[in-house]
Amino acid sequence: MENIKIYPDKKTHKHTTTYKLREDLIGLSKDFDEASYLEIGIAAGFTIMSLIGHYKTLHGCDTNKGLVDQVREQTNDVSVCHGDIFAMDKGKYDVVFIDGRHDYDSILSDTLGVLQMNTASSYKIVYHDYGLVAHPSRNMEFGVKRFCTNFYQEIEFLGEPKDWNPAAKDPATDWEAACVSITSINKETLLEKMKNESR
Ligand SMILES: C[S@@+](CC[C@H](N)C(=O)[O-])C[C@H]1O[C@@H](n2cnc3c(N)ncnc32)[C@H](O)[C@@H]1O
């Protein structure tokens with residue numbers, strides 16, 4: 001719990017997660033023995049460094065080299081890769097947190113990467129910024145909710161339920177994050193559907 005509050009939360013720093021979601025990410029680790037965590041889009045590392053001591057291994061990637069170097073300088077407890085999910089080695093990740101770009105096509109690509117690179121037989125994917133709606137002045141779309149409702153029947157919601165984004169001008173009209181389970185039963189079907197959609 002102590003690490004969670006060392007780093008600023010979403011209510012004051014727009015490019016990270018709330019304390020509540022960090023608690024929930026720690027909660028998910030308890031479902032696995034020697035749990036391993038992967039974060040796509042670590043930015044300054046506030047969320048992933050909050051989880052040190054709660055996961056056996058922590059892995060992250062980011063397409064911004066400056067941010068990757070910054071996190072590497074701060075800790076040896078996190079294995080950091082410069083690039084997207086496809087730049088990483090295949091590995092077993094029990095909890096995967098997707099928090100890179102939030103348009104529909106980027107989430108589709110990141111998820112396809114996870115389904116192909118993760119060797120765990122059963123794991124969780126957590127999608128951040130599920131409930132964000134772009135401010136009308138911005139020419140952009142948050143596609144997380146549309147993506148999740150398109151591909152997953154069962155979704156568990158995590159983090160703050162609403163009004164968790166005061167530091168940024170995009171309103172939060174729904175839950176902060178969506179969590180889904182990937183198993184040997186649904187993995188191949190999801191992979192096929194997502195590949196078809198990305199063509
Ligand atoms: C909202 S910030 C992430 C915040 C961080 N997860 C946290 O909770 O503190 C998004 C980050 O994703 C990175 N990014 C964007 N697209 C990416 C991708 N496809 N793969 C990895 N990182 C990506 C950006 O460089 C940026 O640093």
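Modeller: The expected span of a helix is 1.5 Å times one less than its number of residues. Helices (H or I, at least four residues) and strands (E, at least two) are DSSP runs, numbered from the N terminus. This is a predicted model, where local features need pLDDT of at least 70, side-chain atom pairs count only at pLDDT 80 or more, and totals for chains, interfaces and linings use all residues. Residues are numbered from 1 along each chain as its sequence is written.

Colleague: How do you know what span is expected of helix 4?

Modeller: Helix 4 has 14 residues, and at 1.5 Å a residue 20 Å is expected. From its first C-alpha to its last, helix 4 reaches 20 Å, close to that value.

Colleague: Which residues of helix 4 are called buried?

Modeller: Ile-107, Asp-110 and Thr-111. Buried means that 20 or more other C-beta atoms, placed from the backbone, lie within 10 Å of the residue's own; exposed means 12 or fewer, and partly exposed lies in between.

Colleague: Why are the buried residues of helix 4 said to line one face?

Modeller: Seen down the helix axis, they fall within an arc of 100°, so they line one face of helix 4. The arc is that of the directions from the helix axis to the C-beta atoms.

Colleague: What makes up the buried side of helix 5, and what lies opposite?

Modeller: Val-144, Lys-145 and Phe-147 are buried in helix 5. These residues fall within an arc of 165° seen down the axis, so they line one face of the helix. The face turned away from that side carries the exposed residues Arg-146 and Thr-149.
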